[in-house]
Amino acid sequence: KEQDHLLWAGMMPPEGELVIATPKGRMTRLLPQEEFLPHQTRNAIGNQCFKLKPGETLMGCALLLPHSKLLLVTAQGYVKCLDREQIRPATKGTLGTQGIGFKASDDYLAVIAGIPPHQTAADLIVAPGERLTTITIPPVSTASHGAPLVDLQAGERVIGLGAQTVTTLLK
């Protein structure tokens with residue numbers, strides 16, 4: 001379709017689940033079932049597994065393995081950690097569930113990542129200047145908003161995970 005593009009591609013183990021999210025924190029968990037993640041040829045268009053509202057986009061996705069947690073970080077430095085069970089599994093045409101709330105209307109989800117249960121820290125990229133900052137991963141929370149764990153200066157925002165954290169997640 002026009003204005004559509006590939007967001008993520010990767011190998012997914014049979015026990016893996018995929019979480020996809022919008023910049024405003026709405027997300028759904030895709031179970032490894034043929035209905036949601038069918039085996040297809042390379043030229044296939046694919047299935048729509050998440051219903052977007054008018055003007056809404058996807059910001060990213062994360063692979064969750066058994067016992068892993070979901071790390072969410074907003075651009076303004078709020079951090080939240082969820083168990084996979086806290087994210088509603090997808091149904092056909094799902095609108096998903098709100099995974100994180102925002103303290104400010106101009107904040108948005110900047111990082112989504114599946115993390116192993118033993119991981120205690122993550123490196124985040126902060127812009128402008130692309131400096132790295134390390135955060136301690138908070139315990140799993142049921143609170144709407146995350147905890148303000150990233151020390152940001154005026155005009156700075158979180159833009160992604162640092163390379164060392166990404167490499168650790170891929171092991």
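This report describes the strands, sheets, nonpolar cores and selected residues of a predicted model.

Local features are given where pLDDT is at least 70, and side-chain atom pairs count only at pLDDT 80 or more, whereas totals for chains, interfaces and linings use all residues. Residues are numbered from 1 along each chain as its sequence is written, and side-chain values use heavy atoms, with hydrogens and water left out.

**Sheets**

Strands are DSSP runs of E with at least two residues, numbered from the N terminus. Two strands count as paired if DSSP finds at least two bridges between them.

Val 126 stands opposite Arg 131 in β9.

β4 and β5 form a hairpin with three residues between them, and Gly 77 in the turn has a positive phi of about 90 degrees. Val 73 has Val 79 in β5 as its bridge partner. β5 also pairs with β10 (residues 147-148), where Tyr 78 stands opposite Pro 148.

| Strand pair | Bridges |
|---|---|
| β8 (residues 121-127) and β9 | six bridges |
| β1 (residues 17-21) and β3 | five bridges |
| β4 and β5 | five bridges |
| β5 and β10 (residues 147-148) | two bridges |

**Nonpolar cores**

A residue is buried under 20% relative accessible area, exposed over 50% and partly exposed in between (1.4 Å probe, protein chains only). A nonpolar core is a set of buried Ala, Val, Leu, Ile, Met, Phe, Trp, Tyr and Cys residues joined through side-chain atoms within 4.5 Å. The largest such core has 17 residues, and those with the most contacts inside it are Leu 71, Val 73, Val 111, Leu 124, Val 150 and Val 158. At least two of its residues come from each of β4, β5 (78-83), β7 (109-115), β8 and β11. β7 gives the most, with four residues. Another core, of 13 residues, lies apart from it and includes Met 27, Leu 72, Ile 87 and Ile 100. In β5, five of six residues are buried.

Contact means heavy atoms within 4.5 Å. Not counting residues up to four places away in sequence, Leu 71 touches several residues, among them Val 79, Val 111, Ile 115, Ala 122 and Ile 137.

**Two individual residues**

Thr 74 belongs to strand β4 (residues 69-74) and counts as buried because its relative accessibility is 0%. Neighbours within four places in sequence aside, Thr 74 is in contact with Ile 100, Phe 102, Asp 107, Tyr 108, Leu 109, Ala 110 and Val 158.

Leu 65 is found in the loop between β3 (60-64) and β4. With a relative accessible area of 35%, Leu 65 is partly exposed. Leaving aside neighbours within four places in sequence, Leu 65 is in contact with Pro 13, Glu 15, Gly 16 and Arg 84. The C-alpha atoms of Leu 65 and Pro 116 are separated by 8.0 Å, although the two are 51 residues apart along the chain.
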